[in-house]
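Look at the structure first, then read the points below.

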Amino acid sequence: PPRSLLASTLRDFQCIPAGDLPAADVLAFAQGLRNETAELSGAQLSCLARLLAAKNLTADFGGYPPDLLLFFDLAEVRGGTCGAFYARASRGNLDLLPRGSARRTGLLRGALACLGVRSSRLRPEQLGSLGALVCDMEPETITASDPGVLENLKLCPALTRAQRDALNAVLLGGGTLYRHPSSWDVQTLQSLGPLMLALSQPTLSLVAQAVREAFGRSIVAAYGTQGRSQREKSLTLLRAFATASASSPPRLKRSADCCLSAPIAAGTVSDPCLLLNYDTSEQFDLCLSNEVLKANLKPLLGQPLPVQYLRVVKKKLEQIYPSGIPEEQLRVLGPLSRQYTAEEIGLWPVTSSETLAALLNPSDGKWGAAQVQQLLSRYLALGGTLTGPLLRKIGGRNLCNLQEEQLKQIPPEAIASAGQLNISSCSQAKKDRLYRKAQGAFAGQAGVPRAYYCRIRPYLGGAPAEDLKDLAQAGVAVDMDMDTFLALNPDELQKLSVTDVKNLLGENLPYLKAAENETSVLRWVQGQSQRELDCILGIGLHGGMEEPGPTGTATPPGPTTSASITPTATVPTPTTLPTVPTPVAISSHPTANSSTAPHKAPTPTAISPTPPKMTPPKSTPPHTYTPVPSTAGSPAATSTARPAPTTTSIVPCSIHPPATPNKATP
């Protein structure tokens with residue numbers, strides 16, 4: 001297929017089998033991503049990386065974008081190429097991997113082992129190879145390392161509070177190329193780049209006020225041409241500068257109780273230098289009349305107003321509209337809306353979906369849980385209906401904040417068009433209710449197990465055991481990914497048989513071994529026959545119930561010699577990364593899944609001088625399935641053919657890659 005078709009496939013894919021793509025097309029697309037401005041999601045990159053591994057196209061990893069390397073199989077990275085591999089991967093966007101996840105932590109451990117790091121102090125040449133991987137180091141490593149660590153920290157999408165404190169400690173020490181903060185000028189602030197967002201108030205207050213003001217003017221001048229993400233950063237900086245100015249000794253002339261500049265007029269509300277001309281919230285208040293505000297609310301709120309300024313606007317709106325803000329004005333509140341309490345939101349006239357959608361705009365900042373719950377409650381109380389597009393804007397986390405009675409008001413058709421909602425934070429009762437809604441929404445696809453599973457997957461945490469059994473016995477493998485499996489209702493999971501679990505997981509069965517220490521898995525294993533675990537699953541799970549032998553003694557667990565039961569799953573060979581010395585501290589953060597081992601990523605077989613051997617299917621010719629475009633937007637992944645546990649081999653809709661088969665053990 002043409003490259004444009006492949007691009008469409010990866011940007012909007014669903015779990016439907018398609019014909020095998022030529023290796024040349026896959027290679028051209030992957031290498032062409034280096035010149036693409038559009039970014040692929042983690043699920044799409046994982047899908048593409050698996051395609052490359054399936055076609056043995058991972059040898060020249062230097063030809064692929066760094067983001068793609070984040071999803072390669074680190075167990076296959078060998079000493080001869082590890083330095084180049086990790087140096088390139090470290091330039092990728094770490095935000096694609098959750099902080100603290102097994103894959104992200106594994107990248108840092110592998111890089112440290114490859115570079116032979118033996119202490120907490122990182123040398124310049126080591127920092128040059130680690131790139132953004134330093135973003136997950138402990139604060140002690142930041143302060144102990146060469147000052148060049150600051151250049152690595154510029155690559156970090158975000159820093160923890162402790163890391164920011166360590167960064168400021170390094171800067172306040174004055175031993176960097178930036179010198180002490182008291183000597184900084186505008187050029188120094190520009191050179192600091194992203195580190196400006198991590199500067200503490202004590203650090204900023206040491207910068208000369210004239211320098212801060214000059215730098216602030218440059219930020220405001222560029223604000224109008226910036227995208228949403230950059231605007232948020234600019235606003236953060238301006239707020240930090242405003243706070244630093246407030247903590248500085250006040251100028252005598254600012255103690256006046258009247259407007260010391262020209263009053264704000266219709267022609268000046270959009271002036272990029274508005275905040276610099278009215279550089280305190282007091283002067284902003286004194287120079288802004290209620291009449292000008294009422295007539296120019298939208299353009300004024302388009303300015304990057306700090307919180308103190310937004311509170312001034314809120315106070316004036318209360319004076320202008322003592323009986324409450326009209327609905328047409330609610331639509332233009334933008335960031336100001338986040339300054340209202342839940343009690344105040346409960347009085348808003350939110351009667352239309354357009355108003356609710358405008359208030360939910362994510363570019364205007366995050367809502368508090370109580371605020372958004374009250375906002376949605378008010379909308380529903382006034383007769384509003386939740387549609388699919390509104391549910392997407394609300395998001396799964398906010399949806400979980402609704403009362404169960406409010407969830408009843410969601411029509412099934414809204415669930416059907418809402419896309420993939422993450423309801424993992426919902427209570428079990430709410431998961432159960434949302435599952436029943438989804439079941440009704442996708443009932444028309446129940447006869448096509450793969451399509452049905454792909455749509456209802458986000459809601460399976462509320463599925464009863466009988467429905468899970470139906471899915472397992474559908475006659476077509478759904479290849480449930482481990483994230484979905486571990487999110488099942490633990491009480492319902494206990495009711496599934498060994499065969500049920502085997503059929504549900506399909507080709508992802510080997511990953512159950514990696515999750516054997518999860519509480520729900522431990523409970524389930526303890527309730528199963530050890531002989532069935534050995535004979536039916538054959539992946540090395542232990543802890544099941546022993547069966548009494550002929551003489552009344554327990555029979556030691558072990559694989560049966562019966563020819564009637566043959567395990568179809570192949571266990572991935574465990575690979576141990578080189579041990580990293582304990583002096584090197586790595587940040588530890590909670591993960592979404594506490595599995596003891598990472599999900600296997602695409603195997604870059606060509607990275608290793610000797611590709612791993614793979615046991616060919618006994619009778620099934622190899623095929624590769626790839627996702628195809630879908631308006632539903634459900635994620636899918638690509639897998640290579642294997643001896644299927646059922647009569648049909650279907651591509652999994654999970655983003656987890658298949659286990660790499662080794663020699664099958666009879």
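The model is predicted, so local features need pLDDT of at least 70 and side-chain atom pairs count only at pLDDT 80 or more, while totals for chains, interfaces and linings use all residues. Residues are numbered from 1 along each chain as its sequence is written, and side-chain values use heavy atoms, with hydrogens and water left out.

**The chain as a whole**
- The chain has 35 helices and four strands; these are DSSP runs numbered from the N terminus, with helices being H or I of at least four residues and strands E of at least two.
- Of its 666 residues, 48% count as buried, where buried means under 20% relative accessible area, exposed over 50% and partly exposed in between (1.4 Å probe, protein chains only).

**The nonpolar core**
- A nonpolar core is a set of buried Ala, Val, Leu, Ile, Met, Phe, Trp, Tyr and Cys residues joined through side-chain atoms within 4.5 Å.
- The largest one holds 158 residues, and F284, F485, L512 and W524 touch the most other members.
- Helix α19 (residues 307-320) gives this core its largest share, six residues.
- Leaving aside residues up to four places away in sequence, L512 touches M482, F485, V501, L505, V521, W524, L537, I539 and L541.
- In soluble globular proteins, nonpolar side chains tend to be buried together.

**Helix α10**
- The 12 residues of α10 (residues 161-172) should span 16 Å at 1.5 Å a residue, and the end C-alpha atoms are 16 Å apart, which agrees; the expected span is 1.5 Å times one less than the number of residues.
- Q163, A166, L167, N168, V170 and L171 are the buried residues of α10.
- These buried residues pack against α8 (139-144), α9 (149-153), α11 (186-192) and α12 (201-205).
- Just after α10, G174 has a positive phi of about 75°.

**Salt bridges**
- The structure holds 14 salt bridges, each a side-chain nitrogen of Lys or Arg within 4 Å of a carboxyl oxygen of Asp or Glu.
- K316 pairs with D285, with the closest N and O atoms 3.2 Å apart.
- This pair links distant parts of the chain, since K316 is in helix α19 and D285 is in helix α16 (residues 281-287), 31 residues apart.
- K316 is buried, with a relative accessible area of 6%.
- K513 and E516 also form a salt bridge (3.1 Å, N to O); K513 is partly exposed at 25% relative accessibility, and E516 is partly exposed at 22%.

Terms used. Contact = heavy atoms within 4.5 Å.
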